[in-house]
Amino acid sequence: MAETLQPDPAFTRALLRDVQALERILAEDRIETGVRRVGAEQELILVDDRRVVAPVAMDVLDTLDDARFTTELARFNVEVNVPPFEVSPTLFSELQAALDELVGRVQDAAREHGADIVLTGILPCLNQRDLSLDNMTPRDRYRRLNEATMALAEGRMLLHVTGTDELRVEHDSVMLEACNTSYQVHVQVEPDEFARFYNAAQLVTAPLLAASANSPFLFGKRLWAETRIAVFRQSIDTRAASPSLRELTPRVRFGDAWVERGVVELLEEDIVRFKTMMTKEPDEDPIEVLDAGGVPKLGCLQLHNSTIYRWNRPCYGITDGKPHLRIECRVLPSGPTVADEVANSAFWLGMMVGAADRYEDLTSRLEFGDVKANFFAAARRGLNTGFTWVDQETASAPRLIRDTLLPLAEEGLATLGVDPEEAKRYLTLIDRRVAEDMTGTRWLEKSAQAMRAAASRPERCAALTSAMISRQQSGRPVHEWRLARIEEGLGTTGPTVDQYMTTQLFTVHEDELVDLAAFIMDREKTRQILVEDEEFRLVGLISYRSLLRLLASGRIQELGGPVPVSEVMTRDPITVPPDTPVTEAIRLMRDHEVSCLPVVQDEQLVGILSERDFMPLASELLDSSFVPPD
């Protein structure tokens with residue numbers, strides 16, 4: 001069992017003193033007012049020419065040598081920080097220009113290291129082995145986050161998501177979080193409007209998510225419209241292995257109630273509900289700083305807040321020596337294009353301001369439970385969601401967005417002083433995306449379905465990734481994209497076993513009857529059955545050929561009763577690990593005259609590779625790389 005975290009009394013005292021200091025800052029009207037700023041953070045995925053992850057982020061950042069570019073948890077991610085803009089008539093054009101310039105710089109640097117960048121919520125070609133600790137960015141804060149999370153979770157993370165398919169995997173580190181790539185936008189708000197704006201942000205998050213979903217696949221499974229929501233919620237869920245019911249609230253959370261008082265209410269709630277995961281030495285006494293007329297950093301409070309992952313996060317910061325409050329929207333996925341992301345920003349900001357103005361008595365007109373249910377429904381179903389809205393109105397996502405929320409967002413942006421033509425330009429992208437049912441998720445789903453009959457899963461994934469890269473570089477929004485074609489992935493598939501193996505396995509125990517193995521073979525039209533023990537370790541293999549030999553030999557009569565699988569199976573079959581090149585697997589199968597190879601990782605059976613899994617590709621691979629023995 002993993003060690004539990006030990007309390008740090010000095011940090012706790014400093015954390016509580018930071019809260020006292022924030023209350024005093026608010027009471028003494030020291031928070032900046034009269035200015036509205038908007039900023040963004042863009043996460044990117046790095047892939048190589050095979051369209052699998054390229055762990056070269058540190059090299060890319062060295063090439064960039066600019067503080068606006070920084071690390072993320074995984075060595076195949078880069079984060080771009082866009083300096084905040086004051087709201088102006090051309091706010092979103094300025095934001096897009098900045099993002100285009102900074103993302104373009106990352107693309108240029110990545111190419112110097114043999115990589116491309118992708119804007120998407122979850123990379124279609126991502127494999128579980130990409131999430132090993134070897135791919136964790138070598139920074140102390142990530143190591144500490146992993147140690148703290150795994151200590152609270154008692155050493156294991158269980159990811160279980162059910163959508164069209166079902167995914168259930170266990171992982172031994174916080175690297176499951178690295179599945180997700182997001183685009184975060186935040187807005188500066190004033191203390192006396194914080195509760196009203198925050199509640200409005202909570203209200204509009206579900207339709208925003210429905211219109212921007214971009215992550216339907218993980219590890220080859222079709223799951224939620226925005227699978228990131230489920231993955232992030234579980235990837236750092238410290239409740240996962242706990243035998244205690246003391247902590248029922250996940251650290252990744254939407255919330256449980258409307259905000260009544262303001263920002264301190266949320267921050268205090270998180271201190272009460274959650275153990276400190278990470279600590280630091282206090283670098284100031286915030287009360288003494290205030291007494292001296294200065295502005296405290298509230299570093300301990302900010303550190304604790306950074307380990308509580310609200311989808312709309314309250315933030316304290318300092319700009320030009322003045323403290324301010326922000327609301328950070330964390331629900332948006334990366335991509336499909338910068339233009340789409342900026343349109344999502346305009347939609348979110350306009351809806352939030354418009355809703356805060358229109359629904360002043362919001363908390364009495366809609367139960368918070370309905371708002372939370374809307375959020376998870378949108379994550380699962382995207383534009384196919386039905387919402388419960390203000391005053392118990394019900395509407396489909398497309399009707400609510402087009403008839404109610406786009407006009408509301410237009411009103412909100414006008415209130416902020418955004419030029420009407422500027423607002424129309426970006427909100428029209430949302431309108432066309434919804435009207436044509438072509439979010440990033442729908443494009444990925446429709447493209448994959450169109451290629452299903454003509455290609456294997458890894459070939460489809462490579463084609464999807466290559467197509468995304470080319471269309472993102474065109475700059476055209478996702479509703480104008482043509483579907484991906486299998487030809488776009490030719491020559492890019494990474495020929496490793498885990499990309500072609502079958503993971504839906506038919507197995508038996510060695511004490512089972514041969515009759516059961518024969519029944520499974522006949523029922524599932526397979527020619528081999530793997531034999532496992534109680535710990536899912538491979539102990540043998542029984543083939544259709546071995547059954548025929550058994551029948552022909554007359555041994556059934558000799559044994560004089562039911563025949564266990566152990567009497568027929570081949571013990572110690574040849575196996576390969578998941579990262580074996582397909583060419584090497586073909587060599588093994590030819591040299592040993594076998595038609596399948598069990599795939600084993602860490603002594604456990606994870607898949608099987610048979611001839612039919614890659615025969616459409618085999619002749620091409622062999623022609624190019626196989627040299628027959630003398």
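**Core packing and a strand hairpin in a predicted model**

In this predicted model, Ile-327 is in contact, once its neighbours within four places in sequence are left aside, with Val-185, His-186, Val-187, Val-189, Phe-194, Phe-197, Tyr-198, Ala-201, Asn-312, Arg-313, Trp-348 and Met-352. Ile-327 is also among the residues with the most contacts inside the largest nonpolar core, which has 172 residues.

**Nonpolar cores**
- Besides Ile-327, the residues with the most contacts inside the largest core include Leu-203, Leu-218, Phe-347, Trp-348, Leu-349 and Trp-443.
- In soluble globular proteins, nonpolar side chains tend to be buried together.

**The E5–E6 hairpin**
- Strands E5 (residues 157-162) and E6 run antiparallel and are joined by six bridges, and the hairpin that they form has three residues between the two strands.
- Within this pairing, Leu-158 stands opposite Glu-170 in E6.

**Overall fold**
- The secondary structure of the protein comprises 20 helices and 21 strands.
- The radius of gyration is 27 Å, close to the 25 Å given by the globule rule for 630 residues, so the protein is as compact as a globular protein of that length.
- Of the 630 residues, 57% count as buried, and the protein exposes about 26,900 Å², of which carbon and sulfur atoms supply 47%.
- Among contacts between residues at least 6 apart in sequence, 73% join residues at least 24 apart.

How values were computed:
Residues are numbered from 1 along each chain as its sequence is written. This is a predicted model: local features need pLDDT of at least 70, side-chain atom pairs count only at pLDDT 80 or more; totals for chains, interfaces and linings use all residues. Side-chain values use heavy atoms; hydrogens and water are left out. Two strands pair if DSSP finds at least two bridges between them. Helices (H or I, at least four residues) and strands (E, at least two) are DSSP runs, numbered from the N terminus. A nonpolar core is a set of buried Ala, Val, Leu, Ile, Met, Phe, Trp, Tyr and Cys residues joined through side-chain atoms within 4.5 Å. Buried means under 20% relative accessible area, exposed over 50%, partly exposed in between (1.4 Å probe, protein chains only). Contact means heavy atoms within 4.5 Å. The radius of gyration is taken over C-alpha atoms; the globule rule is 2.2 Å times the number of residues to the power 0.38. Accessible areas come from the Shrake-Rupley method with a 1.4 Å probe; for residues, only the protein chains shown count as cover.
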